[in-house]
Amino acid sequence: MTTPKPERDAAWHAKLAALWLQTEPQLPASQIGKLMGITKNAVVGCVARSNLPRRPSPIVRKNKPHAPELSIRKATLRAIVEPVAAAKPAVVFRRQVEPCAWPERMGPPARYCSADSAPGKPYCAHHCSIAYLKRTG
Ligand SMILES: [Zn+2]
């Protein structure tokens, strides 16, 4: 169920503009909306479409206290930077499953078997059976 819209003739718009431009006291858009029978957002929309001047934001911003200045002594900075500089280079992770490295054609261009290699081996299961001899006895 919607509330019936108030009649918005020239007088209604003039009243809205007067309330918007009133400075003492300057009514918030929500208060103007209550007086005019519309929502705050409708007030703002009507004001924007009527090209009425904008008003300063009613939100009062308090000045934030400045953050304390950072003063890092050279020795402190060195204690931070040197361990980082001396740290081991990043570990390069290998793919979990490398493609089989069994050469199928000795190039150029060389071609290798592209099946997934067996765990811990450079070749796939099929080429491992060729490359590695099984011990007997
Ligand atoms: Zn293979």
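Figure 1. On one side of α3, Asn 41, Gly 45, Ala 48 and Arg 49 are exposed, a term given to residues with 12 or fewer other C-beta atoms within 10 Å of their own, the C-beta atoms being placed from the backbone. This is a predicted model, in which local features need pLDDT of at least 70 and side-chain atom pairs count only at pLDDT 80 or more, whereas totals for chains, interfaces and linings use all residues. Residues are numbered from 1 along each chain as its sequence is written. Val 43, Cys 46 and Val 47 of α3 are buried, that is, each has 20 or more other C-beta atoms within 10 Å, while residues in between these limits are partly exposed. An α-helix has 3.6 residues a turn, so residues three or four places apart point the same way. The cover over the buried residues of α3 includes α1 and α2.

**Figure 2. The chain as a whole.** The chain contains five helices and two strands, which are DSSP runs numbered from the N terminus: helices are H or I with at least four residues, and strands are E with at least two. Read from the N terminus, the order of the elements is α-α-α-α-β-β-α. Of the 137 residues in the chain, 10% are buried.

**Figure 3. Helix α2 and its buried face.** Ala 29, Ile 32 and Gly 33 are the buried residues of α2. Viewed down the axis of α2, they fall within an arc of 105° and therefore line one face of the helix. Ser 30 and Leu 35, on the other side of α2, are exposed. The buried residues of α2 pack against α1 and α3. Just after α2 comes Gly 37, with a positive phi of about 80°.

**Figure 4. The packing of α1 against α2.** Helix α1 (residues 10-21) and helix α2 (residues 29-36) pack at an angle of about 150°, and their axes are 10 Å apart. Axes are lines fitted to C-alpha atoms, for helices over the stretch in contact, and angles run from 0 to 180 degrees between N-to-C directions. The angle makes α1 roughly antiparallel to α2, the term for angles over 145 degrees. Leu 16, Leu 19 and Trp 20 of α1 meet Ile 32, Leu 35 and Met 36 of α2; two residues are in contact if their C-beta atoms, placed from the backbone, lie within 7 Å. The residues of this contact comprise six nonpolar, no polar and no charged. Ala, Val, Leu, Ile, Met, Phe, Trp, Tyr, Cys and Pro count as nonpolar, Asp, Glu, Lys and Arg as charged, and the others, Gly among them, as polar.

**Figure 5. The crossing of α2 and α3.** The axes of α2 and α3 come within 7 Å and cross at roughly 95°. Helix α2 is thus roughly perpendicular to α3, as angles of 65 to 115 degrees are described. Ala 29, Ser 30, Ile 32, Gly 33 and Met 36 of α2 make the contact with Lys 40, Ala 42, Val 43 and Val 44 of α3. The residues of the contact of α2 with α3 divide into six nonpolar, two polar and one charged.

Figure 6. Asn 51 lies in the loop between α3 (40-49) and α4 (74-86). Its phi is near 55°, a positive value in a residue other than glycine. Asn 51 is exposed, with 6 other C-beta atoms within 10 Å.

Notes: Parallel < 35°, antiparallel > 145°, perpendicular 65-115°, else oblique. Arc of directions from axis to C-beta.
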